[in-house]
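Let's take a walk through a protein together. Keep the sequence and the 3D view open while you read, and find each spot as we reach it.

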Amino acid sequence: MQKDREELYKLVDKAEVLDECLPYLRKFRGKTIVIKYGGSAMVKKELKIGFARDVTLLKHIGINPIVIHGGGPQISTLLKKMKIESKFIEGMRITDHETLNIVQMVLVGQVNQEIVSMINTHGGNAVGLSGKDGKLILAKKFYVEKPGPATDRPEIIDIGMVGQVTSVNIAILELLLRGEFIPVIAPVGHNKNGETFNINADFVAAAVAGAMAAEKIVLLTDEVGVLDAKGALISTLKKSETKKMIKSKVIASGMLPKVSACFSALDAGVPKAHIIDGRMPHSALLEIFTNRGIGTEILQG
Ligand SMILES: Nc1ncnc2c1ncn2[C@@H]1O[C@H](COP(=O)(O)OP(=O)(O)OP(=O)(O)O)[C@@H](O)[C@H]1O
Ligand SMILES: [Mg+2]
């Protein structure tokens, strides 16, 4: 009898969890949320399955998730097998023509299809796209700007076939969302001459979030969020503070495009931008449906 009662109370707890979600369900129903899934956080199979289930759940309760994925570790693994060295500047991969072919193969052929298949086997209906499909992502060559030595003129560095987004064709995304599909986007794009570019997925996510007037952009990575010089999590971060952290190199490598992507999404009118831990099970759900403020929220100002 006592056991029955305990079981019943467990169910009551479950119902309370659902009840807590109500305000968020009302807020986000029918709205678009852009989620960037970082390559570094999607190495383990359980994490990939958890992510696929979370995205499917969002869709089933009437939210429109759009997934953009990275694939850094997967690209580095294949390059290593082919005895090609991976080189980065400011968190961006230096991409010559040979590297570009491998980047495309891994992102479009492997990682994208793996995520699509995971979502589909967990009850969702995902459609994989590269930025070239339906001219989704038009891009131009990107140059890294580094503060020059002692002058205020930045040093401009050519890193090969790396692109920046110039426009997003939302027609194809709207078509998919109308059909209740979950778009899963691989971060490559091309220009009007058909030249292909490797684009950091954080930037693609920001451009898509802005163009789709998303309610939120959530970047899942392999850290708890943005860390300070002592390695402690910073829960909110403004542009002015971020600039100082970049200057002192506390924010570096792969975190550079991430913070910059958050600011460009905010500038484009996306109300909220978060960098959270993709290694924690259900982190995207926790971010969306609770008030607990996990990871780092990036704020204007
Ligand atoms: N201040 C910082 N706080 C947290 N991480 C930082 C910081 N500065 C640099 N980093 C690095 O940024 C990395 C995250 O970026 P990275 O590009 O490696 O992963 P990702 O973007 O999630 O994956 P992918 O590039 O495959 O999409 C962290 O693993 C960490 O090493
Ligand atoms: Mg990255």
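Helices (H or I, at least four residues) and strands (E, at least two) are DSSP runs, numbered from the N terminus. Before we start, this is a predicted model, where local features need pLDDT of at least 70, side-chain atom pairs count only at pLDDT 80 or more, and totals for chains, interfaces and linings use all residues. Residues are numbered from 1 along each chain as its sequence is written, chains are lettered from A and ligands numbered from 1 in the order in which they are written, and side-chain values use heavy atoms, with hydrogens and water left out.

Let's begin with K48, which you'll find in helix α2, residues 45-60. Is K48 buried or exposed? Here you need the cut-offs: buried means under 20% relative accessible area, exposed means over 50%, and partly exposed is in between (1.4 Å probe, protein chains only). K48 has a relative accessible area of 16%, so it counts as buried. Its side chain also has a partner: a polar contact of 2.6 Å links it to the side chain of E114. A polar contact is a pair of N or O atoms within 3.5 Å; within protein, one must be able to donate a hydrogen and the other to accept it, and residues adjacent in sequence count only if both atoms are side-chain atoms.

Look for it in β13, which covers residues 272-277. D277 is buried because its relative accessibility is 9%, and its side chain makes a polar contact of 2.9 Å with the side chain of R279.

Now for the ligand. How many residues surround ligand 1? There are 22, and the closest are K36, G72, T221, D222 and K258. To be counted as near, a residue must have one of its heavy atoms within 4 Å of the molecule. Sorted by class, this shell has 8 nonpolar, 10 polar and 4 charged residues. In that sorting, Ala, Val, Leu, Ile, Met, Phe, Trp, Tyr, Cys and Pro are nonpolar, Asp, Glu, Lys and Arg are charged, and the others, Gly among them, are polar. Three elements each supply at least two residues of the shell: α3 (72-81), β11 (216-221) and α8 (255-267).

Zoom in on the atoms and you can trace some contacts. A polar side-chain atom of T221 sits 2.7 Å from an oxygen atom of ligand 1. A polar backbone atom of G71 is 3.2 Å from an oxygen atom of the ligand, while a polar backbone atom of V250 is 2.8 Å from one of its nitrogen atoms. On its own, ligand 1 has 640 Å² of accessible area, and the protein covers 80% of that. Those areas come from the Shrake-Rupley method with a 1.4 Å probe; for residues, only the protein chains shown count as cover.

Among the buried ones are F203, V204 and V208. At the start of α6, a side-chain oxygen of N200 comes within 2.9 Å of the backbone nitrogen of D202. Just after the helix, A213 takes a positive phi of about 50°.

K83 has a positive phi of about 60° although it is not a glycine, and it lies in the loop between α3 and β3 (88-89). K83 counts as exposed because its relative accessibility is 76%. K135 has a positive phi near 50° and is found in the loop between β5 (126-130) and β6 (137-146). With a relative accessible area of 58%, K135 is exposed too.

A few last stops compare the chain with space. M118, in helix α4 (residues 97-121), is buried at 13% relative accessible area. M118 and M42 are 76 residues apart in sequence, and their C-alpha atoms are 12 Å apart. S248 lies in the loop between α7 (239-247) and α8, and it is partly exposed, at 47%.
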